[in-house]
Amino acid sequence: LKELLFATLTSEEFRKIEFKVAYNRSYNIQSDLYESLKQKLGTENVVTSFWRWLGGLDVLPDEVQQEFMRVTLSFDFSTRVGTGDLSDHLAMYRAKTLEGKKILVVSHSQGNFFANAAYTTLYGGANPLPTRSFGIVSVANPASFVGGNGPYTTLFEDGVIAAIRLVTVPGISPPLLPNLTNILSGARTSDWKGHSFIDEYMATGSRSVAKIVPDIVNTMNGLVQPTQVTQSGIITATLTWGVQPDVDLHAFEPNGMHVFYARLQGISGRLDLDDTTGLGPEHYFVPCTTLEAGTYRIGVNYFSGTAPETANVQIAAGTSVRSFSVPLPAARGRAGDTTPAFVADVLVTGDATQGFTFLITGGPLL
């Protein structure tokens with residue numbers, strides 16, 4: 001995507017783009033189907049016929065159709081969005097929105113479930129985004145919709161999506177219909193399943209890449225630039241929590257400075273968002289120009305509330321991003337300011353001449 005957008009956009013437009021990856025665990029109905037049929041029917045039958053069945057080139061035998069039905073009925077779409085992964089994605093999206101950035105997710109295969117769930121949460125849950133600054137461009141979509149009605153591309157020859165579509169399961173809507181083919185396009189695609197993001201959908205000269213790249217540019221241009229509330233930095237820590245009145249973010253810098261609500265400015269970083277009336281977020285950042293080698297320690301203090309609370313902290317350092325969930329049994333008030341609950345350490349090594357490296361590690365209570 002970087003290479004394609006670099007070749008498509010002006011240098012000024014390209015420099016504004018920041019590329020990140022929202023990882024999630026992989027679930028694969030196609031593998032479940034294949035392994036089940038291989039065990040049931042024998043290897044030689046499955047190897048020669050499986051993809052011809054999916055592609056509609058051979059008639060699906062009754063016993064195969066029954067097995068497809070059994071496996072697909074056990075394929076619970078609701079479990080295909082892990083809450084831990086989704087929480088990581090949402091924390092990253094909200095943090096970037098606070099920095100005044102539009103967010104465009106190019107979602108492939110199961111990533112579409114996560115992108116759709118994120119869209120629904122960001123605009124339909126608590127603390128919704130105020131502007132349409134989050135969009136989705138969908139590729140090889142196994143879901144029945146694209147959050148925000150964004151564009152999608154699904155190939156007719158995509159065998160994995162065909163496997164999901166083969167049976168209609170009561171209560172589950174089928175995938176969006178295929179809308180494109182790379183067959184006879186002249187492109188050198190190399191995925192025999194027709195599903196790979198790079199080897200099939202992004203293949204040089206393919207019809208799919210000729211559609212997806214303009215979809216990305218057009219969707220990106222149609223998003224609304226959110227108001228910038230926080231600053232970006234080489235290190236950032238973003239805190240959110242639940243329904244209790246006040247949880248505070250604390251940062252201990254390598255120079256010994258303690259940055260929190262009573263001392264917003266440190267020597268190398270700053271707490272540029274301190275929320276005392278709502279549900280967060282709070283935000284600490286370190287610019288490249290003031291970065292120090294050593295350990296940055298991030299903590300939280302449950303300042304006020306009447307019930308147990310959970311602090312969610314996402315820390316980004318260099319190219320690394322990690323999220324932490326910290327249970328907070330009871331409010332500690334000002335007594336917790338000197339000994340906040342430990343979230344993570346960011347170990348910075350190197351120097352400005354040779355470059356810095358970053359390591360984010362969690363640990364016990366301070």
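1. First, a definition: on a 1 Å grid over the protein atoms alone, a cavity is a set of points where a 1.4 Å probe fits but cannot get out, and lining residues have an atom within 4 Å of a point. Grid points are joined across faces, edges and corners, and a volume is the space filled by probe spheres set on the points. With that, the whole structure holds 2 cavities of 30 Å³ or more.

2. Please keep in mind that this is a predicted model, where local features need pLDDT of at least 70, side-chain atom pairs count only at pLDDT 80 or more, and totals for chains, interfaces and linings use all residues. Numbering starts from 1 along each chain as its sequence is written, and side-chain values use heavy atoms, without hydrogens and water.

3. The largest cavity has about 80 Å³ of space. Its lining includes Lys20, Met92, Glu99, Thr236 and Gln314. Helix α6 (83-98) gives the most, with 3 residues, while β4 (235-240) and β10 (309-317) are also among the elements giving two or more. Helices (H or I, at least four residues) and strands (E, at least two) are DSSP runs, numbered from the N terminus.

4. Elsewhere, an open sheet of 3 strands runs in the order β1-β2-β3 with parallel pairing; strands pair if DSSP finds at least two bridges between them. β1 (103-108) and β3 (152-153) are the edge strands. Strand β2 (residues 134-139) is joined to β3 by 2 bridges, and Val139 stands opposite Thr153 in β3.

Definitions and conventions:
On a 1 Å grid over the protein atoms alone, a cavity is a set of points where a 1.4 Å probe fits but cannot get out, and a pocket is an open set with protein on both sides within 12 Å along at least five of seven lines; lining residues have an atom within 4 Å of a point.
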